Amino acid sequence: MTFYDFILGCVLAFISIFVLLYSRKFPHFVVRQTRLPGPSFFPRVLAIILLCFAVYFFVEYFLRRKEPKKEKHAIDTKSLLNILWFCTVVLFFFPFANFVGTFLALSVLSFLSLVILKSRWYEALIFSLAAALTVHLIFRVLFKIPLPEGILFTGLR
């Protein structure tokens with residue numbers, strides 16, 4: 001394990017702690033005086049999983065720190081820019097989804113991500129629309145969970 005794995009552990013720990021703290025603001029789901037898992041359940045589960053991975057990277061780094069190893073793969077600028085792009089997408093997805101709606105936000109951001117990763121534009125467009133449609137069908141139609149419609153499109157109703 002290298003120092004980059006330690007940095008990855010720090011980033012995962014930061015994201016998981018942020019999600020755990022942010023999900024405390026979500027409303028509680030109470031039916032007949034019984035508290036059930038509400039909207040904060042799934043983000044908390046994912047945050048705990050990320051925290052477990054962060055702990056794994058920390059333990060591996062500190063246990064194997066004394067063993068000298070040469071780095072096999074050099075990290076180039078393009079890889080760092082890709083990581084920065086995906087962190088930006090993760091941070092700004094929800095504000096963007098609240099502004100333009102979940103379907104359009106998911107379509108646009110996944111399309112841009114795939115194009116940045118050198119996918120063909122028509123394949124990226126088809127995959128992005130299919131992913132957004134799948135999310136819409138699963139959450140909106142099947143589970144009847146309201147997704148953000150966006151400030152721009154709520155006035156059109």
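Student: Helices (runs of H or I, at least four residues) and strands (runs of E, at least two) are taken from DSSP and numbered from the N terminus. With that settled, how many helices and strands does the chain have?

Tutor: The chain has 6 helices and 2 strands, and along the sequence they follow the pattern α-β-β-α-α-α-α-α. Please note that this is a predicted model, in which local features need pLDDT of at least 70 and side-chain atom pairs count only at pLDDT 80 or more, while totals for chains, interfaces and linings use all residues. Residues are numbered from 1 along each chain as its sequence is written, and side-chain values use heavy atoms, with hydrogens and water left out.

Student: What radius of gyration does the chain have, against a compact globule?

Tutor: The chain has 19 Å, whereas a compact globule of 157 residues would have a value near 15 Å. The radius is taken over C-alpha atoms, and the globule rule is 2.2 Å times the number of residues to the power 0.38. Along the principal axes, the C-alpha atoms fill a box of roughly 60 × 50 × 25 Å.

Student: And what share of the residues is buried?

Tutor: Of the 157 residues, 18% count as buried. Buried means under 20% relative accessible area, exposed means over 50%, and partly exposed lies in between, with a 1.4 Å probe and protein chains only.

Student: Which residues of α2 are buried?

Tutor: They are A47, A54, F57, E60 and Y61. The cover over these buried residues of α2 includes α1.

Student: Why does the length of α2 agree with expectation?

Tutor: The expected span of a helix is 1.5 Å times one less than its number of residues. The 24 residues of α2 should therefore span 34 Å, and its end C-alpha atoms are 35 Å apart, which agrees.

Student: Changing topic: which residues make the nonpolar surface patch?

Tutor: F3, Y4, I7, V11, F14, I15, F18, Y22, I75, L80 and I83 make a patch of about 1,100 Å². Patch residues have over 30% relative accessible area and no salt bridge; like charges are joined within 9 Å, and nonpolar side chains (Val, Leu, Ile, Met, Phe, Trp, Tyr) within 5 Å. A salt bridge is a side-chain nitrogen of Lys or Arg within 4 Å of a carboxyl oxygen of Asp or Glu. The areas come from the Shrake-Rupley method with a 1.4 Å probe, and for residues only the protein chains shown count as cover.

Student: Which helix gives the most to that patch?

Tutor: α1 (3-22) does, with 8 residues. Both α1 and α3 (77-100) supply at least two residues each. I75, by contrast, sits in the loop between α2 (41-64) and α3; I75 counts as partly exposed because its relative accessible area is 43%.

Student: Where is T102, and is it buried or exposed?

Tutor: T102 lies in helix α4. T102 is buried, because its relative accessible area is 11%. Not counting residues up to four places away in sequence, T102 touches F93, A97, L147 and P148, a contact being heavy atoms within 4.5 Å.

Student: One last topic: what is the phi of K118?

Tutor: The phi of K118 is near 70°, a positive value in a residue other than glycine. K118 is in the loop between α4 (102-116) and α5 (121-142), and K118 counts as exposed because its relative accessibility is 63%.

Student: And where is K144 found?

Tutor: K144 is found in the loop between α5 and α6 (151-154). K144 has a positive phi of about 60° although it is not a glycine, and at 65% relative accessibility K144 counts as exposed.
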